[in-house]
Amino acid sequence: MSVQGILVRAARGVYVCWSYVELAFAGAFLFIAPWWALRGIPAMAVLLAALGVGFDLGRLADMLAWAPAWVRRAAVGLAVASHVLVGGWGVVEWSRPIDPAWAPLAGSADWSDPLLVFSQVDGFVVQSGGGRVLAWTDDDWRDLGEPPGGRAWEFHAAPDGALWTAPVGVARLDRRDPVSGQWRSIGRPAGELKSLTVGGGELLVTVDGALHRLDLAKGTWSKEQIAGRVEQVALGGGSAVVLGGSWWSRDGGGEWVDRTPPERGDGWFYPAVGGGWRYAWHSGVWSSDLYVAPPGRSFEPRTPPAPDLRVMVPDPDDGARVIAGSWGQGVWGSDDGGATWTALGLERVQVRSLAVDWRRGVVCAASSNTIWDRGVFCRELPHGQPSGVSEPTAPTGSP
């Protein structure tokens, strides 16, 4: 046999082996993934189960053509039975109503990616995703107008009740005055904005990997001197956290201090701050990482309440109290800084935004996706007692 013939056969052998590896990986994924999705995403479990049955009757049977007939029949039958079982279970879960403890708000199921806040002046406020800003009052929505920049990348309420939005792809911020109710635009440093947070006297943004500060009293911007690239920022109760290549924190008007933990998971981390407590989490489809820094201490790893943690809101006065939302695995609450968690329900919902009125003990979650149930849902917090004086009491009739 010529050298060329040997190379051709070797290439074919490598191709066949690689094809089997790919098929084995696909089969393993389709066998496991529907059961994973069943934990909170039954629609996805049904879809994956249907794909799995197709794989079982086609490619799996072909892969096992070399095996004795009884082995092939048993393997295919077991795989089909598993997919039929999980698919049927998914249909049952999918048909159940949303957790009755959570009340859906009228009209919210039609919105795309709504963002939620509780305002000192307007109570519960939603940026609908299409650009309009609405407040829930007396069991109906009150139009607060549309920011000049339209749809927001970030949407926040300041302690004085002002609403701030960061329009998509525009080097400016929009602010709604809590007294006049008028919107106006404010220029910001040019570049790609990744994160925004606002406190009593300052506003912080990350733009092109750098941290910038707006002095709200003077109306002037300055660049914070932090080494390395930063991506996410959170501010609350005078404390701040910035996450990126390194993790930095600041108390009051003091200096930024490097708080990077010696060991941390890979991925993009998001921060939250409240009552001197600092939280940093990374979300993924299969697992999440959570780090918590109690007052005066460094970041410590904690066990997240769900595999795909997406948003956290700590109490601004008692930061050990925190609410967390996940993609499909529900909303969770903790009274001890994430050491233990209490399930608050709302499975089957992709929690993309979360707002908490800590004084009244009300939490609202927003979802927007074709697989998950869509809308804005609110409920009373069952664990602990309402606390703090930093958050507003929403108007009568609001969530």
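Q: Rings of Phe, Tyr and Trp, the last taken by its six-membered ring, pair if their centres lie within 6.5 Å. Which residues do ring pairs link into a cluster in this predicted model?
A: The cluster is made of W111, F118, F124, W136 and W141, joined by ring pairs. The model is a predicted one.

Q: How many aromatic pairs does a search of the whole structure find?
A: The search of the whole structure gives 11 aromatic pairs. One of them is formed by W35 and W89, with 6.1 Å centre to centre and 85 degrees between the planes. Planes over 60 degrees apart count as edge-to-face, and the pair of W35 and W89 is edge-to-face.

Q: What makes the pair of W136 and W141 stacked, tilted or edge-to-face?
A: The ring centres of W136 and W141 are 4.7 Å apart and their planes stand at 70 degrees, so this pair is edge-to-face. The cut-off for that class is over 60 degrees. Both W136 and W141 are buried.

Q: How do you know that R310 sits over a ring?
A: The CZ atom of an Arg must be within 6 Å of the ring centre and within 35 degrees of the ring normal. R310 lies over the face of W327, at 3.8 Å from the ring centre.

Q: What makes C364 and C378 a disulfide?
A: The sulfur atoms must be within 2.5 Å, and the S to S distance of C364 and C378 is 2.1 Å. A search of the whole structure finds 1 disulfide. The link of C364 and C378 has 110 degrees about the S-S bond and is right-handed. C364 is in strand β27 (residues 362-367) and C378 in strand β28 (residues 375-380), 14 residues apart, and the pair links distant parts of the chain. C364 and C378 are both buried.

Q: Is A280 buried or exposed, and how do you know?
A: A280 lies in strand β19 (residues 277-282). With a relative accessible area of 0%, A280 is buried. A280 and V242 are 38 residues apart along the chain, and their C-alpha atoms are separated by 9.7 Å.

Q: What is said of phi at L346 and R348?
A: Most residues other than glycine have a negative phi. L346 is not a glycine, yet its phi is positive, about 70 degrees. R348, likewise not a glycine, has a positive phi of about 75 degrees. L346 is in the loop between β25 (342-343) and β26 (351-357), and R348 is found in the loop between β25 and β26.

Q: Why are L346 and R348 given their burial class?
A: Under 20% relative accessible area is the cut-off for buried. L346 has 0% and is therefore buried, and R348, at 10% relative accessibility, counts as buried.

Q: What makes A171 buried, partly exposed or exposed?
A: A171 lies in the loop between β7 (163-167) and β8 (172-176). Its relative accessibility is 38%, so A171 counts as partly exposed. The C-alpha atoms of A171 and G191, 20 residues apart along the chain, are separated by 6.8 Å.

Key
Residues numbered from 1 in each chain as written. Predicted model: local features only at pLDDT ≥ 70, side-chain atom pairs only at ≥ 80, totals over all residues. Heavy atoms only, no water. Helix = DSSP H or I, 4+ residues; strand = E, 2+ residues; numbered from the N terminus. Buried < 20%, exposed > 50% of the residue type's maximum accessible area, 1.4 Å probe, protein only. Phe/Tyr/Trp six-rings, centres within 6.5 Å; stacked < 30°, edge-to-face > 60°.
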